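Reader: I'd like to learn how to read ring pairs and nonpolar cores in a model like this one. Can we go through it together?

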Amino acid sequence: MNKRYLKLFLSTLQISAFTFGGGYVIIPLMRKTFVGKLKWIDDQEMLDMTAIAQSAPGPIAVNAAILIGYKTGGIIGALLSITGAALPPLVIISIISLFYQAFRSNRYVSLVMTGMSAGVAAVVVDVVISMAWDVLKARRLLPVLMMLITFVLVAFFSVNIILLIIAAGIIGYIDYRARRGK
C-alpha cells in the first residue's frame with residue numbers, strides 16, 4: 001500500500017478515534033494534521049473544504065474526510081479517509097449499545113459526558129474564531145458581510161437555514177466567477 005494512503009487512513013482514524021463532539025470539533029484537528037503537520041493542503045483549501053462539508057448533506061466530519069481524502073489521494077484517498085473517519089464511531093457506538101443500560105444510569109459516565117460538553121463548546125468557539133480570523137486576514141468584505149447578515153437573519157428573524165445556505169452558495173459562486181474573470 002502506498003505510504004501516503006496509509007498515512008491518510010491512519011491520520012483520519014486517529015483523529016476520529018480521539019475526538020468527541022462532532023464535526024465542528026474534528027475540523028481543527030484535521031486542519032492541524034493536514035495543513036500544519038503534513039502540509040498536504042493549505043489554509044484556504046481547508047477553509048473552502050469546511051464550507052463545502054458544512055453545506056453538503058450528511059455529517060460534517062464525514063464530508064470533510066471525503067473532501068480531504070479526495071484532494072490528497074483521489075478516489076482511493078476519499079474511500080480510505082471516510083473509512084478511517086467512520087470506523088471508530090461505528091465500533092464505539094456498537095460497544096456502547098451492548099452496555100446501554102449500564103452507561104445510561106452510571107453517575108460517573110454522566111459526569112464525564114457533562115465535562116466533555118464544556119470541552120466541546122470551547123473547541124467550537126476556537127474553530128469559529130480561527131476560521132473568522134482567516135476570513136478577516138483575507139481583507140475581503142463580502143465573506144464578512146455574509147457571516148454577519150446570516151447570523152442576524154437566523155438569530156433574530158428565524159430565516160430557514162437551508163435558504164441561507166442556497167443563497168450563500170449562489171453568492172459565493174457569482175463572486176468566484178467574478179474574481180476569476182469568467
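Reader: Leaving aside its neighbours within four places in sequence, which residues is F34 in contact with?

Author: Keep in mind that this is a predicted model. With those neighbours set aside, F34 touches L8, S11, T12, I15, K39, W40, I41 and I68.

Reader: W40 is on that list. How do I read a pair of aromatic rings?

Author: You describe it by two things, the distance of the centres and the angle of the planes. In this structure the count is 2 aromatic pairs. In one of them, F34 and W40 sit 6.0 Å apart centre to centre with 35° between the planes, a tilted pair. The other joins F151 and F156 edge-to-face, at 6.1 Å centre to centre and 90° between the planes.

Reader: Are F34 and W40 buried or exposed? And what about F151 and F156?

Author: F34 and W40 are both buried, whereas F151 and F156 are both exposed.

Reader: What lies over the face of W40?

Author: That's R4, at 4.2 Å from the ring centre.

Reader: Now the cores. How many residues does the largest nonpolar core have, and which have the most contacts inside it?

Author: It has 19 residues, and F34 shows up again among those with the most contacts, along with I26, I27, M30, I41, M46 and I68. Helices 1 (3–17), 2 (23–37), 3 (43–55) and 4 (60–98) each give two or more residues to this core. Helix 4 contributes the most, with 6 residues.

Reader: Which residues does the second core include?

Author: That separate core has 5 residues, among them L47, V127, M131 and V144.

Technical notes
Residues numbered from 1 in each chain as written. Predicted model: local features only at pLDDT ≥ 70, side-chain atom pairs only at ≥ 80, totals over all residues. Heavy atoms only, no water. Phe/Tyr/Trp six-rings, centres within 6.5 Å; stacked < 30°, edge-to-face > 60°. Buried < 20%, exposed > 50% of the residue type's maximum accessible area, 1.4 Å probe, protein only. Lys NZ or Arg CZ within 6 Å of the ring centre and 35° of its normal. Core = buried A, V, L, I, M, F, W, Y, C linked by side-chain atoms within 4.5 Å. Helix = DSSP H or I, 4+ residues; strand = E, 2+ residues; numbered from the N terminus. Contact = heavy atoms within 4.5 Å.
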